[in-house]
Amino acid sequence: MSNTPTVVSVINLKGGVGKTTVTALLARYAAQEWGLDVLAVDLDTQANLSQALMTADDYTRFMDEKQPSIVELFAGYAPPAQNKPSPSRLESADIIKLVSAGGWLESKLEVIPSRFDFSDNLVNSTRVEPEVLAKFIAQHMQHKDLILIDCAPTESILTIASYHASRYVLIPVKTEFFSTIGFPLMKQSLESFRKDNLGHTIEVCGVLVHRTKTSGSGSSKDGRDSLMDIRKKAKDYGWHIFCNRMDHSDSYPRWANDPHAGYLGNAAREWPKIAEEILAKIGLSKQEAEQ
Ligand SMILES: Nc1ncnc2c1ncn2[C@@H]1O[C@H](COP(=O)(O)OP(=O)(O)OP(=O)(O)O)[C@@H](O)[C@H]1O
Ligand SMILES: [Mg+2]
C-alpha cells in the first residue's frame with residue numbers, strides 16, 4: 001500500500017442520492033474494520049457529514065465556540081475571537097476533530113467539519129484559492145491512509161477544490177426518475193478539470209448504485225428502466241459500476257448518524273461487501289492488527 005493517502009471525492013451533481021451517507025459509512029468502515037487512518041472532509045454547506053460523524057454535543061460546542069472549520073482552512077487563518085484579540089496562525093490540529101467511534105477507543109477517524117454560514121462567505125466567493133485543500137493534504141495529512149471528501153450536489157469553486165485534492169471520484173446514484181441527470185454534468189466537469197490541469201490524474205473509481213424499493217426483485221418498470229439507463233450511460237462514459245449495490249434501508253441513515261446503532265437486516269450483509277469492494281478498487285488493503 002502506498003505511504004501517502006488515497007483521496008476520493010464522493011460526488012454526484014444531483015442531490016439526495018446518498019453521497020453523505022456513503023461517505024460517513026465508508027469512513028467509519030475503513031477506520032474501524034480495516035484499521036485505516038481516515039480523514040473525512042465536509043465540503044458541503046449543509047454540514048450533514050459533520051453532524052453524522054460528530055456527536056450532537058461536539059457539533060453544538062464546535063458551533064457555539066466558533067471553532068475553526070473548513071471555512072478557516074480556505075481562509076488560511078484563525079480569526080479574532082472572544083479571548084483572542086488578533087488573527088492567528090491556523091494549526092492543522094485546530095481544524096481536525098476526532099470522531100467518536102462508538103466505544104472503539106483506537107479510532108483513527110477524524111473529520112474537518114463544515115458550518116452552516118459556509119455558503120455566504122465561501123461558495124460564492126471568487127477569491128477562494130481552489131488548491132488550498134490539496135496543499136493542506138500535501139503538507140499536513142500525508143500520514144493518513146484514506147481521505148474522503150463529501151461534496152455538495154451543485155458545482156462551485158469547492159467542487160474544483162475537491163478535484164484538485166483527489167485521485168478518484170466515487171459517484172453514488174439512486175435508481176429513481178432522472179437518476180442519471182447529473183452524469184453529463186459530472187463528465188463535463190471532470191473533462192474541463194483535466195483540460196485545465198494536465199499534470200493531474202483523476203478518474204472515476206466507480207458508480208455505486210443506491211437501489212430504491214422499485215428496482216429490487218419484483219421491481220417496477222421505472223426501477224428497471226432507471227438501472228438500464230445507469231448502466232448504459234456509465235458504459236458510454238467508461239465508468240466502472242460497483243457489483244455490490246446499496247439497498248434502500250433505514251439501517252443506513254441510522255448507522256451513519258449513530259455508530260452504536262449497528263446494521264440491521266439486509267444492510268448488515270450488504271454494506272461490508274460494498275465497502276470492501278470500494279476500498280479494494282482504490283488500491284487499499286486491510287491493516288493487520290498490531291500485536
Ligand atoms: N441506503 C439508504 N437507505 C435509506 N435511506 C437512505 C440511504 N442512503 C441515504 N438515505 C437517506 O436519504 C437521504 C439523502 O441521503 P444523503 O444525505 O446521504 O444524500 P446526499 O447525496 O448527500 O444529499 P445532498 O445532495 O443533499 O448532499 C437522507 O435522508 C439519508 O438519510
Ligand atoms: Mg450530502
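Mentor: Start with a term. Two strands pair if DSSP finds at least two bridges between them. Keep in mind that this is a predicted model.

Trainee: Okay. How many bridges join strand 1 to strand 6?

Mentor: Three. Strand 1 covers residues 6-10 and strand 6 covers residues 168-174. The two run parallel.

Trainee: What is the bridge partner of Val8 in strand 6?

Mentor: Tyr168.

Trainee: And what holds paired strands together in general?

Mentor: Strands of a sheet pair through backbone hydrogen bonds, either parallel or antiparallel.

Trainee: How many strands form the sheet, and in which order?

Mentor: Eight strands, in the order 3-4-2-5-1-6-7-8. The sheet is open, and its pairing is mixed.

Trainee: Which strands stand at the edges?

Mentor: Strand 3 (97-98) and strand 8 (246-247). Each has a single partner strand, so one side of each lacks a neighbour in the sheet.

Trainee: On to helices. Which strands does helix 1 lie across?

Mentor: Helix 1, residues 19-32, lies across strands 1, 2, 4, 5, 6 and 7. Its angle to strand 5 (146-150) is about 165°.

Trainee: At what angle do helix 1 and helix 12 pack?

Mentor: About 80°, with their axes 10 Å apart. Helix 12 spans residues 265-281. Angles of 65 to 115 degrees count as roughly perpendicular, so helix 1 is roughly perpendicular to helix 12.

Trainee: Which residues meet there?

Mentor: Helix 1 brings Leu25, Leu26, Tyr29 and Ala30. Helix 12 brings Trp271, Ala275, Ile278 and Leu279. By class, that contact has eight nonpolar residues, no polar ones and no charged ones.

Trainee: New topic: how many residues surround ligand 1?

Mentor: 17. The closest are Gly15, Lys19, Thr20, Thr21 and Pro253.

Trainee: Which helix gives the most to that shell?

Mentor: Helix 1, with three residues. Helix 11 (251-257) also supplies at least two.

Trainee: What is the shell like by class?

Mentor: It has ten polar, five nonpolar and two charged residues.

Trainee: Last one. How far apart are the axes of helix 7 and helix 8?

Mentor: 7 Å, at an angle of about 30°. Helix 7 is residues 132-140 and helix 8 is residues 157-165. Angles under 35 degrees count as roughly parallel, so helix 7 and helix 8 are roughly parallel. Their crossing is right-handed.

Trainee: Who meets whom there?

Mentor: Val132, Leu133, Ala134 and Ile137 in helix 7 meet Ala161, His164 and Ala165 in helix 8. This contact has six nonpolar residues, one polar and no charged.

Conventions: Residues numbered from 1 in each chain as written. Chains lettered and ligands numbered in written order. Predicted model: local features only at pLDDT ≥ 70, side-chain atom pairs only at ≥ 80, totals over all residues. Helix = DSSP H or I, 4+ residues; strand = E, 2+ residues; numbered from the N terminus. Contact = placed C-beta atoms within 7 Å. Axes fitted to C-alpha atoms, helices over the stretch in contact; angles between N-to-C directions. Near = placed C-beta within 6 Å. Nonpolar A, V, L, I, M, F, W, Y, C, P; charged D, E, K, R; others polar. Parallel < 35°, antiparallel > 145°, perpendicular 65-115°, else oblique. Left-handed = near helix turned anticlockwise from the far one by under 90°.
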